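Subject: Structure handover

Hi,

Here is the structure I promised you. Please open it next to this email and follow along.

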Amino acid sequence: MNFGTSIKLFTISGTAVRLHPTFFLLLAWIAGVQWLEAGPAAALSGVVFIVALFVCVVLHEFGHIYAAKLYGIGTADVTILPIGGVASLDRMPEKPGQEIVVALAGPAVTLVLAVLFYLVAGTGFDPAQVGLLDQQQGSLVARLATANMALFVFNLIPAFPMDGGRVLRALLALPLGFTKATRVAAMIGQGLAIALGFAGLFGNPMLILVAVFVFLAAAGEAGFVQARDLTRGFLASHAMITSFENLGPQSTADDAASLLLRTTQQEFPVLGPAGNLLGVVTRSGLIEAIRDKGRAAPVSGFMTTGIPLAGERADLGAVYQTLLRQRVPMVGIVDQGQRLVGYVTAENFAELVMIRGAGEARPNP
């Protein structure tokens with residue numbers, strides 16, 4: 001899932017840990033509320049608690065990540081958001097048993113953390129303490145124990161795509177199949193999200209934020225699974241754009257602007273002398289370059305590089321996964337000589353899905 005601009009903190013076992021800028025808004029809000037209520041010491045304590053809690057959240061996500069590795073599934077990054085962490089697994093296992101293991105690995109880590117914190121604090125779980133976390137009652141360790149136990153229970157709510165929802169999808173997949181199970185689990189998840197949002201109206205704005213995330217994420221996951229099912233068996237060559245204008249490394253922003261005005265393209269491949277892809281000029285990148293560097297700026301100075309490549313017979317679903325995972329404007333499709341013959345964007349993939357959904361397209365033999 002793409003969360004826009006994020007800050008890379010570090011990398012563990014090939015997975016980048018990223019921080020979304022909105023997380024600082026959460027810290028500022030916590031600090032502000034605590035400062036007004038009890039002064040600067042309370043504000044610092046509140047920020048320390050939130051940071052420590054989110055370290056636990058990252059460990060929770062790495063539970064999913066290492067479980068997924070057991071089935072050969074990599075994870076490009078994990079992003080820390082104000083509502084929690086999201087691990088961008090390359091794919092979710094379609095076998096129900098495997099998905100259950102991956103889904104429960106995260107809550108298992110959270111439960112272990114809660115038990116360890118309780119042992120250190122010398123206390124037990126008291127449900128009444130959950131509602132007092134924002135009041136800084138008890139030691140930091142005891143509050144972390146209570147928070148982790150609450151997260152453990154909350155994550156097992158069958159609201160897809162939360163962990164409990166993924167377990168529900170895996171169980172439903174046994175009689176219904178993966179695609180239909182996803183659709184049913186997403187509907188249940190959205191229903192629970194509406195209930196959470198309604199509960200949040202009575203004094204808990206964080207529940208509203210979580211509800212919005214769950215509702216949209218459930219819809220997105222269901223749409224992605226349906227798209228993958230509709231394009232199963234398609235190759236990159238079935239969806240690639242083959243009629244396009246391109247630029248050379250010596251082309252200027254003015255050249256790109258002329259193409260932007262007289263074509264419907266939103267991105268322009270930059271090709272080398274042998275027809276190999278050097279980069280791509282996007283509409284947003286072009287406008288920014290004209291504003292900051294002028295119309296005479298060479299495209300080689302502002303084009304997006306590192307564009308992934310795939311062969312014409314590459315699986316289309318894998319190409320789309322690359323688009324999402326690497327957050328690039330396109331995937332270049334090349335022949336055996338590494339010459340660009342076309343490219344796939346998220347937009348033309350979506351167009352193929354709409355056509356397939358209407359029953360008007362079939363893969364060529």
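Let's start with a sheet. Three strands form an open sheet in the order β7-β8-β9, and the pairing is mixed. The edge positions belong to β7 (309-311) and β9 (340-344); each has a single partner strand, so one side of each has no neighbour in the sheet. On average, neighbouring strands here are turned by 35° against each other, direction ignored. (Axes are lines fitted to C-alpha atoms, for helices over the stretch in contact; angles run from 0 to 180 degrees between N-to-C directions.)

Before we go on, some ground rules. This is a predicted model, where local features need pLDDT of at least 70 and side-chain atom pairs count only at pLDDT 80 or more, while totals for chains, interfaces and linings use all residues. Residues are numbered from 1 along each chain as its sequence is written, and side-chain values use heavy atoms, with hydrogens and water left out. Helices (H or I, at least four residues) and strands (E, at least two) are DSSP runs, numbered from the N terminus. Two strands pair if DSSP finds at least two bridges between them.

Back to the sheet. β7 pairs with β8 (residues 331-334) in the parallel sense, over three bridges. Gly311 sits opposite Val334 in β8. Look next at the loop between β8 and β9, where you will find Gln338. Its phi is near 65°, a positive value in a residue other than glycine. Gln338 is partly exposed, with a relative accessible area of 43%. (Buried means under 20% relative accessible area, exposed over 50%, partly exposed in between, with a 1.4 Å probe and protein chains only.)

Ser13 also has a positive phi, near 50°, and is not a glycine. This residue lies in the loop between β1 (7-12) and β2. Ser13 is partly exposed, at 45% relative accessible area.

Now the inside. Which residues touch the most other members of the largest nonpolar core? They are Phe23, Ile50, Phe54, Ile80 and Leu89, out of 34 residues in that core. (A nonpolar core is a set of buried Ala, Val, Leu, Ile, Met, Phe, Trp, Tyr and Cys residues joined through side-chain atoms within 4.5 Å.) Elements that each supply at least two core residues include β2 (15-19), α1 (22-38), β3 (75-81) and β4 (84-89). α2 gives the largest share, 11 residues.

β3 is mostly covered, with six of its seven residues buried. Four bridges join β3 to β2, and the two run parallel. Leu19 has Ile80 in β3 as its bridge partner. On β3 and β4, the pairing is antiparallel, over five bridges. These two strands form a hairpin with two residues between them.

There is another hairpin to see. β5 and β6 form it, with five residues between them, and Gly275 in the turn has a positive phi of about 85°. β6 (residues 277-282) is mostly covered: five of its six residues are buried.

Last, the surface. Ile194, Phe198, Leu201, Phe202, Ile208, Val212, Phe215 and Leu216 form a nonpolar patch with about 840 Å² of accessible area together. (Patches are made of residues with over 30% relative accessible area and no salt bridge; like charges are joined within 9 Å, nonpolar side chains (Val, Leu, Ile, Met, Phe, Trp, Tyr) within 5 Å. A salt bridge is a side-chain nitrogen of Lys or Arg within 4 Å of a carboxyl oxygen of Asp or Glu. Accessible areas come from the Shrake-Rupley method with a 1.4 Å probe; for residues, only the protein chains shown count as cover.) α7 gives the most, with four residues. Phe202 is in the loop between α6 and α7, and counts as exposed at 64% relative accessibility.

Best wishes
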